[in-house]
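Have the model open as you read.

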Amino acid sequence: MNTTPIIDNNIWQPEFECMAHSERKALQLEYLQGAVSRSLRNPFYKKAFADKGVSVDQIKSLDDLQRLPLTTKADLRDNYPLGFMGIPRNEVSRYQGTSGTTGKPTWVAYTKNDVENWSNLCARFLVSGGLKKEHTVQLSFGFGLFTGGFGLHFGIEKVGAAIIPISSGNSDRQLTCMHDLAPEILICTPSYALKLMDTIQGGDIARSDLRLEHAFFGGEPWTENMRTRIEEGLKIRCWNNYGLAEVQGPGVSGECAYRNGMHIQEDHFIFEVIDPDTLEPLPDGEQGEIVITPLRREGFPVIRYRTRDIGYIINDGVCSCGRTTRRMSRISGRTDDMMIIRGVNVFPSQIETALMRIDSVAPHYMIEISRPNAMDEITVHIEIKPDMFSDSMIEMHKTKREIGAAIHSITGLNMNIDLVSPNTLKRFEGKAKRVVDHRNLVD
Ligand code: ADP
Ligand code: ZN
């Protein structure tokens, strides 16, 4: 466990974040009983509970959670648009939507209490990662149905810092704003940070003219090696945070001053990790699919939601920051992103980790999968840093070999490596889409 803080250690709601385990467990049980009662207002859970022969009064301990049904994205889609709503429509304070990364976007609803809790939970991770009242924040998450924009907006307001609600897109304007209003803090997806990094490197405003010091990134998987690249490239420090609309939006977990994984807001969410194939529970420390039960949600009370995000839980005692919650690892990928190549499971994040180890490589890549002659084949298109791009075939060949070996050492697979000129691959303003799979088209 890291015991050296990178920034000042601050805590927004110590009464909850640092509470004793036993106290938190008692609270979780009380809230779980409430969450189950609320969920029974909708026909899906009424039937699912009846099918399993479980009733609310049988929830006597946290272990009883295991008896409750799991909920999938397909269940949400089958009950589209608002089959999971837990309240009459006149009690809804806000609707938001998922981004639709894996198909049709779905709606979620919040009551006034939900919005208030959500704001506090965003304030928790923002403060734990260094946001202070005196800061100015450039909020470059999309405003609108995506939970990133409005979710974070209210969290920043709680803390009392100044917000620039610029939303995503128009990188030149982002940079002008960063220069003219001099924010210390940036919030966006890590992919958008890469695009802004390009804009700074190619534009008229120099990095030294910006006050930017610090960033909060979330919304998509990214690796530790990518963090190093962005920290070096943008000369900032960046913090990871996690969330999803189905259980709230951002604010489910986030890193503290010690960056020991993301603290889970366990007084609001119960986390489980399951084997995605057998659905058996896995112990802390073992990687699997994360399942989340929001405990306080009124508008959209889902139970045991299968996130399809792969990660593990870190449970090694009280963190040096003083928080007593368990923490979660980085997300290594979504079950939908997992590529099965010649029988081997590979996540894009493994390829990213390998690529970012090679100095001459820029942080922009694209993965293409095809099946010529009935054999899976992956081609990794990767940009080379402008100062490393060379006309020498021998140099380029050496780089290709180095990249191929790094990928092989992590995935055990040989992949085709295609080095492309700087600034030729697509950049992203929100969540990146770096995998193109042609196999479904061929089949
Ligand atoms: P969608 O599932 O349509 O993308 P959301 O906009 O609610 O809907 O995004 C939530 C998803 O984004 C999560 O389930 C997860 O896959 C991804 N995500 C969010 N934050 C992170 C993070 N810090 N690291 C990795 N993945 C993340
Ligand atoms: Zn901590």
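Helix 8 (190–202) and strand 18 (361–370) each give at least two residues to the lining of the second largest cavity; helices (H or I, at least four residues) and strands (E, at least two) are DSSP runs numbered from the N terminus. This is a predicted model, where local features need pLDDT of at least 70, side-chain atom pairs count only at pLDDT 80 or more, and totals for chains, interfaces and linings use all residues. Residues are numbered from 1 along each chain as its sequence is written, chains are lettered from A and ligands numbered from 1 in the order in which they are written, and side-chain values use heavy atoms, leaving out hydrogens and water.

**Second largest cavity**
- The lining consists of S191, L194, H364, Y365, K426, R427, F428 and R434.
- By class, that lining has three nonpolar, two polar and three charged residues.

**Ligand 1**
- Ligand 1 is surrounded by 19 residues, with S99, G100, T101, N241 and D309 the closest; a surrounding residue has a heavy atom within 4 Å.
- Strand 7 (residues 237–244) gives the most to this shell, with five residues.
- A nitrogen atom of ligand 1 lies 2.8 Å from an N or O atom in the side chain of N240.
- One oxygen atom of ligand 1 is 2.9 Å from a polar backbone atom of A245.
- The side chain of K431 has an N or O atom 2.8 Å from an oxygen atom of ligand 1.

Definitions and conventions: 1 Å grid on protein atoms, 1.4 Å probe; cavity = no way out; pocket = protein on both sides within 12 Å on 5 of 7 lines; lining within 4 Å. Nonpolar A, V, L, I, M, F, W, Y, C, P; charged D, E, K, R; others polar. Polar contact = N/O pair within 3.5 Å; in protein donor to acceptor, adjacent residues only side chain to side chain.
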